[in-house]
Amino acid sequence: MRPLSYTRASTVDEAIATVGGDSRSAFLAGGTTEIDLIRLGVTRPDVLVDINSLPLKEIESTPDAGLRIGALARMTDVARSADVVRRFPVISQALLLGASEQLRNMASMGGNLCQRTRCPYFRDGVSPCNKREPGTGCSAVDGLNRGHAVLGTSDDCIAAHPSDVGVALVALDAVVHTLGPSGARSIPIDDFYLLPGSSPEVEHPLERGELIVAIEVPPTPLAERSLYLKFRDRQSYEFALVSVAAAVDVRDGRVADVRLALGGVGTKPWRARRAEAALTGGPATREAFAEAAAAELEPAIAHKDNAFKIPMARRAMVRALDQVVNGDAR
Amino acid sequence: MIGPARAPVSMRVNGEIHEIELEPRVSLLDALRDHLSLTGSKKGCDQGTCGACTVWVDDRRVLACLTLAVACEGHEISTIEGLATGGDLHPVQSAFIERDAFQCGYCTSGQIMSAVALLKEGNAATDEEIAEHMSGNLCRCAAYPHIRAAIRDVRDADTTTSGRA
């Protein structure tokens, strides 16, 4: 690994000032992606500012019955929080279906939001990759792209977003609270994740030195009936080929309210707004679920190896909706 | 700010304090193996995929290859070398021998550090749970059935570490 300097921030202000004032520096939280990518030569900071001593680990209910998750809360702690399990099961399930217990013990929630793609051309450190070296081209478009995205892609990048919990948070309209050199901001999570467009190297609207301090989930009673369904090449410890976060409120056989998001298929955690619009007010039937799923995947663009994700995502959406509505185990 | 040159670092490993000099880029795994001669923790992938380097930091199982040693100052590190009590193996170590839960042995220290943690976490009630919560430890010899048997044995022998708290 290339040489690094290290400092431990003792206050949030100190961390922001240090990273904000030095373009060679980066925050260090759980390190599960960051240390990996530095060792691979993909990212090249000279200074790491360790933020793990900062008081940003609380998981608490907000006065309006929402949820506030400190940016340094570990994935394990959020997943095992009795309050999260009861009121936001989709968040707990998404966390527990991601990574391994060791990684979940290390990885922070703020860090998870900044997780980088698993695209092998990004990670190999040498292939042309617009995300790693802007302007060099995308090796995946005409390369091995079985794991890549079918929604939200551009000519410059088709890398799939790897997060599981990000999918649940996007479904629930979470808000990302930050502090930075220009003060405090609250960013709706769907705006926090940027589409690649012509600048895939820019993944978030954060300025230098801007630090995620908390993730807030608004009060969402329908989330008590929610689930995360994930399909992958192995039974455990693998990134999603397709995943679905779903929460549905059914009244008198009709969909009164619904939240749906997809993982594994988008260049960002993918809020399924087309499907939500198709479902809302309509019958809670498998036929309606299938029509809504088809509407969501209608703009999908397949490449050489990943066309299978489109029907797989449709079926996964139907199954997730069916399970959350009917409590159907299969 | 320290580094990139070597700087003094104080590490507490298996209850013993070590004052050593390290570059900040050194991983906890390399510090244990190359600076403290604690070679029980293994380097398999060095990218957080295999689990062979599993140790505990403050009693939580983590991956030593993705942890910077310098970031562990002020924390308690536990490795496989600290698991036995004097000459008595930890029950999970004994169960791995009894159940023949390894072939080449390279992943074994990570498997055992993970398994002991799993039993404390209380998520080992069924084989499915054991498989799920041990999935971060790969065994290329595929000794998984015997590893699960060893974990079951310890779970069932000691009600204080049973599958459900």
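Which residues does A:Arg271 touch, not counting residues up to four places away in sequence? They are A:Val170, A:Ala171, A:Asp173, A:Asp190, A:Arg259, A:Leu260, A:Ala261, A:Glu276 and A:Glu296. Contact here means heavy atoms within 4.5 Å.

This is a predicted model, in which local features need pLDDT of at least 70, side-chain atom pairs count only at pLDDT 80 or more, and totals for chains, interfaces and linings use all residues. Residues are numbered from 1 along each chain as its sequence is written, chains are lettered from A and ligands numbered from 1 in the order in which they are written, and side-chain values use heavy atoms, with hydrogens and water left out.

Stay with A:Arg271. This residue is found in strand β12 (residues 270–271) of chain A. Strands are DSSP runs of E with at least two residues, helices are runs of H or I with at least four, and both are numbered from the N terminus. A:Arg271 is buried, at 8% relative accessible area. The scale runs from buried (under 20%) through partly exposed to exposed (over 50%), with a 1.4 Å probe and protein chains only. The side chain of A:Arg271 makes a polar contact with that of A:Asp173, at 2.7 Å. A polar contact is a pair of N or O atoms within 3.5 Å; within protein, one must be able to donate a hydrogen and the other to accept it, and residues adjacent in sequence count only if both atoms are side-chain atoms.

A network of salt bridges links A:Arg271 with A:Asp173, A:Asp257, A:Arg259 and A:Glu276. A salt bridge is a side-chain nitrogen of Lys or Arg within 4 Å of a carboxyl oxygen of Asp or Glu. Between A:Arg259 and A:Asp173 the closest N and O atoms are 3.9 Å apart. A:Arg259 lies in strand β11 (residues 254–263) and A:Asp173 in the loop between α9 (165–171) and β6 (175–180), so this pair ties together parts of chain A that are 86 residues apart in sequence. A:Arg259 is buried at 15% relative accessibility, while A:Asp173 is partly exposed at 32%.

Other salt bridges lie in chain A. A:Arg185 pairs with A:Glu210, the closest N and O atoms being 2.8 Å apart. A:Arg185 is in strand β7 (residues 183–188) and A:Glu210 in the loop between α10 (189–192) and β8 (211–217), so the bridge joins parts 25 residues apart in sequence. A:Arg185 is partly exposed at 36%; A:Glu210 is buried at 5%. A:Arg251 and A:Asp249 meet at 2.9 Å, N to O. Here A:Arg251 is exposed at 55%, and A:Asp249 is buried at 19%. Over all chains, the search finds 36 salt bridges.

Now turn to chain B. In chain A, 36 residues are in contact with 33 residues of chain B. The area buried between them is about 2700 Å², with 51% from carbon and sulfur atoms. Buried area is the accessible area (1.4 Å probe) that two parts lose on being put together, summed over both. A:Tyr6, A:Arg39 and A:Gln102 lose the most area in chain A, together 24% of what that side buries.

The count between the two chains is 3 salt bridges. In one, B:Asp46 pairs with A:Arg39, the closest N and O atoms being 3.4 Å apart. On the chain A side, α6(A) gives the most, with 6 residues.
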